[in-house]
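This report goes through one structure piece by piece. Keep the sequence and the 3D view at hand while reading.

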Number of protein chains: 2
Amino acid sequence: MAKDRKIDMVILGLLSHENLSGYDIKKRIDNALSFFWKGSFGSIYPSLSAMEKDGLIRKAENTENSGSREKICYAITSDGKKALISWLEDAKAVNDLKYETLLKLFFGGVTDAQTSINTITAFENEIIAALEVLKMYQANLSNNLDNKDHIYYYLTVLFGVETYEGYLRWCKEAKKMLVKQG
Amino acid sequence: MAKDRKIDMVILGLLSHENLSGYDIKKRIDNALSFFWKGSFGSIYPSLSAMEKDGLIRKAENTENSGSREKICYAITSDGKKALISWLEDAKAVNDLKYETLLKLFFGGVTDAQTSINTITAFENEIIAALEVLKMYQANLSNNLDNKDHIYYYLTVLFGVETYEGYLRWCKEAKKMLVKQG
DNA sequence: AACGCGATATATCTTTTTGATATATTATAT
DNA sequence: ATATAATATATCAAAAAGATATATCGCGTT
């Protein structure tokens, strides 16, 4: 069966909600998962081919004909659902974080304080914009939390809001310290 | 010159502080940078070879002879320092975050609420342990913040403390909601 | 009607990185 | 004396990112 490809689990998870094409999957990742996960076409299409060969997914008829050019839709199989559940039931999870912002800050002593302040400000502006979007999602989702599926989506958004607000508090504090230091 | 290898900048940054071997570099990454960056031997040694060929670093005599087996130490060159500064002065930074914890939670509807609670608890325990270490670093560093180089280290630790405390607040809230939902 | 352009859609290639493994040396504990 | 843990370098396969190629479709402009 599947080895250790995380993208397989992303795809199986998304297909457990609805039938999707590779292009649809990319859109779902970019929209709903973007602030805690990423995925490229270069990993999605090979994963789809491999998982179809292994019987974890199968080609499905394009139900909602969006009118656009023909697409190859996939559905999850019972074997695929088993693989997904077995992954979900393992509580251990690897969180792989790479903050280039922090890396630049760590080596900030090589240049002047203003360079580090600029790096923090660029980060701050990105987060302010992203937080606005997240808060919109949060507002929409909190209206119908009775829907059992929506609570999981809501909790990930809550995670984003909580961490982003922490980022912004840190940006202010860090810039204050750097200005004082000169 | 160098293309787009982030590991190059990590190594150049560390070498701007002191001469190091590949093994030393790995230790520095695992200790000082671990909660916001990672690096494997499989990327460090090829990067060292490539950057030496390009003249960004050079072999250096092993100053502090630690008594252990001989090691190949490297020093940054003036070209290397130029490359490092040019990277630092670009305020744009890519922060690449992959939370498998959040991914599992997002698909939590496939299994029962207890499965998601277990995933959150495993995350919570990891963060509690890591936060303890970070707070120790923070206490040590805040004693001598007059040292110009230490402030940058301190700020990255502050970032870790702020985000980890946010994680823990979220863990409590998320578990409360999942327990209520059942 | 012809044209260009942006969105949709699949696929593949190169480069970067991880994770595993191989190999050898030195220090330490039993 | 011997096992084993830490030190040290190196390489390989697998995974993923990022870039690029190719083609279709819908829409607005001229």
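## Helix and sheet in chain B

In this predicted model, helix 3 of chain B lies across strand 2 and strand 3 of chain B. The helix runs at about 105° to strand 2 of chain B.

The open sheet in chain B has three strands in the order 1-3-2, and their pairing is antiparallel. At the edges stand strand 1 (20-21) and strand 2 (57-60) of chain B. Each of these has a single partner strand, so one side of each is left without a neighbour in the sheet. Two bridges connect strand 1 of chain B with strand 3 (residues 73-76) of chain B, in the antiparallel sense. In this part of the model, S21(B) is found opposite C73(B), a residue of strand 3 of chain B.

## The sheet in chain A

Chain A also has an open sheet of three strands, with the order 1-3-2 and antiparallel pairing. Which strands stand at the edges here? They are strand 1 (20-21) and strand 2 (57-60) of chain A; each has a single partner strand, so one side of each lacks a neighbour in the sheet. Strand 2 of chain A is joined to strand 3 (residues 73-76) of chain A by four bridges, and the two run antiparallel. The bridge partner of K59(A) in strand 3 of chain A is Y74(A).

Helix 1 (residues 6-17) of chain A packs on this sheet and touches strand 1, strand 2 and strand 3 of chain A. The direction of helix 1 makes about 90° with that of strand 3 of chain A. Helix 3 of chain A lies across strand 2 and strand 3 of chain A, at about 105° to strand 2 of chain A.

## Domains of chain A

Chain A is divided into domain 1, residues 6-88, and domain 2, residues 100-181. The C-alpha centres of these two domains of chain A lie 29 Å apart.

## How the two chains meet

The contact between the chains takes 56 residues from chain A and 56 residues from chain B. Several elements of chain B each supply at least two residues of the side that touches chain A: helix 1 (6-17), helix 4 (78-88), strand 4 (95-99), helix 5 (100-106), helix 6 (113-143) and helix 7 (150-181). Which of them gives the largest share of that side? Helix 7 of chain B does, with 16 residues. By type, the side of chain B that touches chain A has 29 nonpolar, 14 polar and 13 charged residues.

Strand 4 (residues 95-99) of chain A and strand 4 of chain B run antiparallel and are joined by five bridges. Here K98(A) stands opposite D96(B).

## Symmetry

Chain B superposes on chain A by a rotation of 180° with 0.0 Å of shift along the axis, at an RMSD of 0.1 Å. The two copies are therefore related as by a two-fold rotation axis. In chain B, L97(B) has the C-alpha nearest the axis, 2.2 Å from it.

Why can the copies be said to meet through the same surface? Of the interface residues of chain B, 100% are also interface residues in chain A, so the copies meet through the same surface.

## Around DNA strand C

DNA strand C is surrounded by 26 residues, and the closest are Y23(A), K71(A), R5(B), G42(B) and R69(B). Two or more residues of the surface near DNA strand C come from each of helix 2 (22-33) and helix 3 (41-53) of chain A, and helix 1 and helix 3 (41-53) of chain B.

Helix 3 of chain A gives the largest share of this surface, four residues. The residues of the surface near DNA strand C divide into eleven polar, eight charged and seven nonpolar.

Notes:
Residues numbered from 1 in each chain as written. Chains lettered and ligands numbered in written order. Predicted model: local features only at pLDDT ≥ 70, side-chain atom pairs only at ≥ 80, totals over all residues. Contact = placed C-beta atoms within 7 Å. Nonpolar A, V, L, I, M, F, W, Y, C, P; charged D, E, K, R; others polar. Pairing = 2+ DSSP bridges. Near = placed C-beta within 6 Å. Domains from an automatic or database assignment. Least-squares fit on C-alpha atoms with pLDDT ≥ 70 in both. Axes fitted to C-alpha atoms, helices over the stretch in contact; angles between N-to-C directions.
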